[in-house]
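I opened this entry to keep track of what I looked up.

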Amino acid sequence: MRQAARDSAHGPTGAGVGGGALRQHTGADGGAEILSDTQGVDFGPYIRKILGDIKRNWIPLIPEEARPPLNKQGETLIRFTISSDGHITAMNLDGSSQDTAIDRACWGGITGVGQFPPLPANFKGPNLELRVDFFTNKPLP
């Protein structure tokens, strides 16, 4: 399963304003990790799309203490499930930055999307579970 996830998502999305970055890479070094069985479906384009949506919502929410000149650092891990129609059905904070404002910004980056696009039609599973690694002013591993 992890190999299928690795094969379907490549490369970082890049750094953003305020030192925020999301990784679109799977595995132990952080990023958007596909936790569901992909059933051989290439989720690369889907993951790139939703990470772009999340990042557009997240960057404006990054708190003042994480912006220049303070540049507070944090890493937040959030696990969530997307139903076949694109609705978020579950969310969990898997790793806190130890800063509530940074964690809330990351959470809001996901919930602010509202609804994601439907899962790819050739995916027959009931949902897709992901874990996204948010880096605030931290270098990508």
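I began with Pro-69, which I found in the loop between α2 (44–58) and β3 (74–83). The model I am reading is a predicted one.

Next I looked up positive phi values. Gln-98 has a phi near 75°, positive although the residue is not glycine. I located Gln-98 in the loop between β4 (88–95) and α3 (100–111). Is Gln-98 buried or exposed? I put Gln-98 down as exposed, because its relative accessible area is 69% and exposed means over 50%.

Asn-137 also went on the list, with a positive phi near 55° in a residue other than glycine. I placed Asn-137 in the segment after β5 (127–136). Asn-137 has a relative accessible area of 15%, and buried means under 20%, so I recorded Asn-137 as buried.

Last I turned to Ala-101, which lies in helix α3. Its relative accessible area is 31%, so I noted Ala-101 as partly exposed. Which residues is Ala-101 in contact with, leaving aside its neighbours within four places in sequence? I wrote down Pro-63 and Glu-65. I also checked Ile-62, which is 39 residues from Ala-101 along the chain. The C-alpha atoms of Ala-101 and Ile-62 are separated by 7.8 Å.

Definitions and conventions. Residues numbered from 1 in each chain as written. Predicted model: local features only at pLDDT ≥ 70, side-chain atom pairs only at ≥ 80, totals over all residues. Heavy atoms only, no water. Helix = DSSP H or I, 4+ residues; strand = E, 2+ residues; numbered from the N terminus. Buried < 20%, exposed > 50% of the residue type's maximum accessible area, 1.4 Å probe, protein only. Contact = heavy atoms within 4.5 Å.
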